[in-house]
Amino acid sequence: MTVSHRAARLEVFPIELPFVESFRHATSDRTASDSVLVKVTLENGVTGWGEGVPRAYVTGETQETMLEHLTGPLAKALFGRAWSEPVSTGDIMTIGQRLPTPNGGNVIAGNAAHCAIELALVDALLRSAKASLADVLIPASSEVLYSAAITAGSVEGTEKVAKRLKLVGFRDWKVKVGFDDDDARLAAVRAIIGEEASLRVDANGAWTVEEAEERLARWSKFRVETVEEPLGRARRADLGRLRAKKLAAISVDESLVTEADANALFAERSCDLLNLRLSKLGGLGATLRMATTAHAEKLDYQVGCQVGETAILSAVGRHVAAHLIPKYVEGSFGAHLLAEDIGDRPVTFGHRGVGVPLRGVGYGVDVREDRVMAYAKSSHSIDRGSLR
Ligand SMILES: [Mg+2]
């Protein structure tokens with residue numbers, strides 16, 4: 001029997017949660033998490049939490065546009081109908097599709113806002129059923145293997161970080177590139193991680209097709225397996241030309257935000273791997289749909305993250321990765337990155353970069369509301385009654 005619920009209250013909390021150390025890459029400097037957290041309370045009193053990470057250079061969103069979308073069209077859709085407890089992946093996908101994806105202005109797609117409210121709603125519905133997401137997205141493996149990530153910085157700094165991460169025993173490594181000292185940094189990393197480790201680079205759209213060709217040809221000595229977002233969204237049309245050179249597998253990240261993007265990339269056969277990030281794509285349903293399409297197109301994919309994700313997105317990413325077993329996984333940085341996380345238990349990786357599937361109701365992590373309040377820049381509450 002299907003059990004459904006109506007939402008009674010929506011709360012939105014833009015946060016500023018400091019990083020342990022600055023995490024710099026080719027298109028932005030960042031010293032704190034700027035996630036927007038969402039709490040949905042159902043009429044039965046059960047609550048759920050969601051999270052979205054605005055990135056102006058990815059979806060065009062900011063905390064302000066997220067707030068506007070969440071308290072406007074998304075709140076209206078949330079309160080406008082009853083929601084059934086999900087018992088299948090199909091149900092999870094349907095929930096997301098019944099919430100709009102706002103756009104307009106500089107926003108390509110309001111995916112971070114959509115992700116935040118969808119995750120909060122699904123969490124509340126699972127908790128009403130006293131179920132875990134792992135009961136619906138059944139883990140296909142007992143471990144999720146996270147990649148090491150090295151951001152920009154001096155060659156010395158890169159060596160220091162690589163040596164520290166090497167002790168963890170990661171199999172897969174990703175290095176941010178697009179800087180003058182890339183060659184020296186990559187040489188240092190390859191020397192430290194050894195010959196067996198897989199190495200990929202992320203250029204965050206820093207290059208023209210000629211620059212990409214020249215660098216990737218030179219870097220064959222470092223055995224760069226995959227290059228992520230070499231050209232950027234604006235130069236996406238050149239991607240097929242680069243791929244034809246077969247210098248490295250081509251991964252798309254900022255070039256893949258909407259389903260229309262995916263259709264264009266697939267039609268042009270211009271990529272080998274998709275970076276699927278929950279907040280970027282619009283949440284659980286959108287990510288699962290994109291993974292299904294990737295399977296059909298015989299493309300690899302990774303489950304990625306946004307820098308600064310809290311325990312909520314880390315936990316959902318863990319569930320998705322344990323269920324799908326993608327080629328690579330990134331995320332679960334937790335306390336490695338955040339001064340303090342907002343969950344009641346750590347969601348991080350351990351030795352070898354291994355994270356275990358999470359159990360427990362909802363996403364398997366309980367949000368510590370006192371911590372949310374401590375880092376909230378503001379709070380916004382809407383009751384269903386007030387919208388009538
Ligand atoms: Mg990327």
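Me: Which residue takes a positive phi just after H11?
Reply: Lys298 does, with a phi of about 55 degrees. The model is predicted: local features need pLDDT of at least 70, side-chain atom pairs count only at pLDDT 80 or more, and totals for chains, interfaces and linings use all residues. Residue numbers start from 1 along each chain as its sequence is written.

Me: Which residues in H11 are buried?
Reply: A residue is buried if 20 or more other C-beta atoms, placed from the backbone, lie within 10 Å of its own. In H11 (residues 284-296), the buried ones include Leu284, Leu288 and Ala291. Their cover includes helices H2 (89-97) and H3 (111-128).

Me: How do I describe two packed helices?
Reply: Two packed helices are described by the angle between their axes and the distance between the axes. Axes are lines fitted to C-alpha atoms over the stretch in contact, with angles from 0 to 180 degrees between N-to-C directions. The axes of H2 and H3 come within 10 Å and cross at roughly 135 degrees. H2 and H3 are therefore oblique to each other; angles under 35 degrees count as roughly parallel, over 145 as roughly antiparallel, 65 to 115 as roughly perpendicular and the rest as oblique.

Me: Which residues of H2 and H3 meet?
Reply: Ile92, Ile95 and Gly96 in H2 meet Glu118, Leu121 and Val122 in H3. Contact here is C-beta atoms, placed from the backbone, within 7 Å.

Terms used
Helix = DSSP H or I, 4+ residues; strand = E, 2+ residues; numbered from the N terminus. Expected span 1.5 Å × (residues − 1). Buried ≥ 20, exposed ≤ 12 C-beta atoms within 10 Å, placed from the backbone. Contact = placed C-beta atoms within 7 Å.
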